[in-house]
Each structure stands twice: as structure tokens, then as C-alpha cells.
Amino acid sequence: MMSTIGAIIGLLLSIFLIIKRIPIAYSLMIGAITGGLSGGLSLVDSVSVMVDGVKDITPAILRILAAGVLSGVLIKTGAAESISNTIVRKLGEKYVYMALALSTLLLCAIGVFIDVAIITVAPVALQIHKKCAIPIGRLLVVMVGGGKCGNIISPNPNTIIAVENFNAELYSTMYANLIPALIGLTFTVFVVAKIFPGEKEKNIGTGQSMVIDSSEADKNLPSFSTSIIGPIVTIILLALRPLCGVTVDPLIALPVGGLVGIVCMQRMYVFRESVEYGLSKMTSVAILLVGTGTIAGIIKASSMKDVIINLLSNSPLSEVFIAPISGILMSAATASSTAGATIASSSFAPTILATGVTALWGAAMVNSGATVLDHLPHGSFFHATGGSMDVTFKNRLKLIPYETLIGLVLALSTVGVYELSKLLF
């Protein structure tokens, strides 16, 4: 076993390189080899541990690549845009915060990347800003909050990787975080949106439908009813195991949902474009996961887990907090919920399970913990979301405390629901 100091040195070097805009996968690999050597491992052993870390997440990478079919179909057919536009129109001007948060929540929940979900909804948010004079920062933080809530109940890479490392069921883990997601949505809309500084909105109406400007291309969007079919089929297939004892692996369920959806929307002419887009998005995630696998192997081989357990045993916090805290720390190191969930679940799953936490709740708590600090400036999410709303770097920084607060509410809610489930069941 290597020393904790070595693992910390590796993580800190990775963070430094990421901040310097070195590709994240290479930053993590360099940090991993440095951490192994500084922690007392030989060069051969360091490489061996890194390779073992990547091997552990290979099955999850296959499922994540398969998820690209559904994700690509939702974006390239216009289904994601149709869903978000429908929600905003139906809820009307009076409920713009709920409309935006619910739109990004639903898009993430059905398999769209959180940054892509926000970019999809951003044009509508900008129209709301012009019409109702609501500060752009407030609208963006509401969308980010909704996206974080959807991300913990989605078949997105962060959930898939956590489930795989804990050997839990994808559908059950998504369902376990449903109540925390609803709590987070309520907190985002009724607390964060109210306390965010800025001028009070002047032109919010009394509930009439929100008018959304549409280009000619927008008029050809699929209907809401056909847009939602693919995700529904996916959820039904994943639910067959807990409901009927019939196992349909996400490797099958996610592409089938995408295929059924594109057929129902009569958009087969964009099938190739859809799968190419989905594959391109998932390929970048797969490369990221290779890098995270290397650093996860180093952390798993170190004594860091024992140090965290000792710290918690000498504090008022229960050992159950190992799961969310590991997700928080690793998401802070990588500024990514996917990378954070990967490193935390790969490195700490055996330790978390040893405390008596079930695989399902271990995956759920790591996943929600990974949303707390995934928005830091050394990650792509920070810049992609800010750019979608034309927010300056300085103003984007001002959103971080509110995003962190939403993430903390999600993490604590998952712990609370887990403790409540132990009492009831």
C-alpha cells in the first residue's frame, strides 16, 4: 500500500495541470504516475496500478458509449428542444423559474448531458431575460440547479459509472435519488432564485403562455408526445428487472430507446448524424474516464481511505458520509461530476460497502456528492454554461456559491432519505 501523501500529491498535480489547460485525461495520467512514485511505488507497480484502475471501469465505458445513441437522437432530432419549449410555454410567464429548472431537470433525467441541456434551454432563457428583465445570472443558476437535480436521476455517464463500480442497478439508483432531486428543484426555484442578488424582475405576467420566437427550423420540431417516447421506452426497459425480474442491460436499453424514439418521430433521415454526434460526445467522456481510471487506481492503492475513515471517526459525522464526501472531494479535484463520480466510486466503493451502506445507496450518495463542486473554473462545465448565456468570467464566478449550495442540498437530501429508509424498512 502506498502513502496517502503520494495520492494527494498526484491529485494536486492533476488539478494544477487541469488549471493550466492541459487535457484532463493527460493531466490525470501524469498526476497518477507522479502520485504512485511519490507514494512509494516503483515505476512498474505504478503503471500496473494505473492499468488496473482503467480495467475496473471498462464495462462502464462500453455502456456509456451505448448511451450516445439516445443522447444523440434527443439532440439532433430536436426532441430535447421540443420538450424544453413545451414546458416553458405550458407553465407561462408567472412560473419562469420553475419552467427553466424543470426543463433542464427533465432533459438531464432522460439522458442529455447537463451542459448540453443548459445550452439547449439557453435561447429560451435569453428571451425571458429580454421580456421580463430578469438578471441573466439568476436564470443561469436556476437552469444549473435544475440540471444538477436531473443529473442524479439520469442514465448519464456519472450515474452509469457509479452504478457499475458499486455493482448496483441503474434504474433503482436513479429512482433512489428521485426525492432528493425534487427537494433540490424546490430549493432552486423557491430559495436560490429568490436570494440571488440583482434587480427585481419587472415584467413577469400573471400566468399567460410564454411566447417563444421560432425560426423556420424550429417549426419542424417533433411533437412533445413523440419526443418523449424514446426516454420512456428506455426507462421501461431498465425497470423490467426490479419489477418483473427480466434483466435488460443499459448497453441494450439505451440504444433501443433512441432507435424507437427516432422511428416514432419519423426522423430516420438524421439517424446517422444523431449517432455520430452521440458517439463524439461519449468518446470524449470515455477518454476522460481512462484518465480518471488511472488516478482512481492510485487512490485505491493508497491509504487515503483509512485516513478519511479515521477523520470521520473522530468527528461528529457518521461513516455514512464517506460516500458523499468522496464524491465532493473528487468532483472538486476534477471539476466534473462524471470524473468525480468515477474516481470516488472506483476508489472508495469497497470502503463504503464495508461500513454497511448498500450498493444502491452508496452509488446514489457518491453520485449526488459529485454535483457539489463540479462547476469549478478548471472544468469545462463552468465555461460552457457561462458561454451559453454570454456571462463574463467574473460574473460566472459569482454563481459558484449558489451552485454549491444546491449541490449540498442534493447530497444531504440523499443521505437523509437513506437514513429514513433504514428506519422505515
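How many residues of the lining of the largest cavity are nonpolar, how many polar and how many charged? The lining divides into five nonpolar, three polar and no charged residues, where Ala, Val, Leu, Ile, Met, Phe, Trp, Tyr, Cys and Pro count as nonpolar, Asp, Glu, Lys and Arg as charged, and the others, Gly among them, as polar. The structure is a predicted model, in which local features need pLDDT of at least 70 and side-chain atom pairs count only at pLDDT 80 or more, while totals for chains, interfaces and linings use all residues. Residues are numbered from 1 along each chain as its sequence is written, and side-chain values use heavy atoms, with hydrogens and water left out.

Rolling a probe the size of a water molecule over the atoms shows where empty space is left. The search is made on a 1 Å grid over the protein atoms alone, and a cavity is a set of points where a 1.4 Å probe fits but cannot get out, whereas a pocket is an open set with protein on both sides within 12 Å along at least five of seven lines; a residue belongs to a lining if it has an atom within 4 Å of a point. Grid points are joined across faces, edges and corners, and a volume is the space filled by probe spheres set on the points.

When the whole structure is searched, one cavity of 30 Å³ or more is found, and the largest cavity holds about 30 Å³ of space. Its lining is made up of A67, L70, S71, G111, P155, N156, L254 and M282. Helix α3, which covers residues 43-76, gives the most to this lining, with three residues; helices here are DSSP runs (H or I, at least four residues), numbered from the N terminus.

The largest pocket contains about 450 Å³ of space. It is lined by 18 residues, and those closest to its centre are D115, V285, L288, S336 and S380. Two or more lining residues come from each of the elements α6 (114-132), α14 (271-301), α17 and α19 (380-388), and α14 gives the most, with four residues. By class, the lining of the largest pocket has seven nonpolar, eight polar and three charged residues.

The second largest pocket holds about 310 Å³ of space, and of the 16 residues that line it, A168, E169, L170, R241 and P250 lie nearest its centre. Helices α8 (157-166), α9 (170-176) and α12 (229-244) each supply at least two residues of this lining, which divides into nine nonpolar, two polar and five charged residues. In the loop between α8 and α9 lies N167, which has a positive phi of about 60 degrees although it is not a glycine. Most residues other than glycine have a negative phi, and most peptide bonds are trans. N167 is exposed, because its relative accessible area is 70%, and the terms used here are buried for under 20% relative accessible area, exposed for over 50% and partly exposed in between, with a 1.4 Å probe and protein chains only.

A positive phi, of about 70 degrees, is also found at R21, which is not a glycine. R21 sits in the loop between α1 (4-19) and α2 (24-38), and it counts as exposed because its relative accessible area is 55%. In helix α2 itself lies S27, which is buried, since its relative accessible area is 0%. Leaving out residues up to four places away in sequence, S27 touches S14, L17, I18 and I22, where contact means heavy atoms within 4.5 Å.

F113, in the loop between α5 (96-109) and α6, is buried because its relative accessibility is 10%. Apart from neighbours within four places in sequence, F113 is in contact with C108, N156, P157, K281, M282 and V285, and among these N156 and M282 also line the largest cavity.

The last stop is a pair of helices. Two packed helices are described by the angle between their axes and the distance between the axes. Helix α17 (residues 337-354) packs against helix α18 (residues 359-369) at an angle of about 145 degrees, with the axes 10 Å apart; axes are lines fitted to C-alpha atoms, for helices over the stretch in contact, and angles run from 0 to 180 degrees between N-to-C directions. From α17 the residues A341, A344, S345, I352 and L353 meet A359, G362 and V366 of α18, and by class this contact has six nonpolar, two polar and no charged residues.
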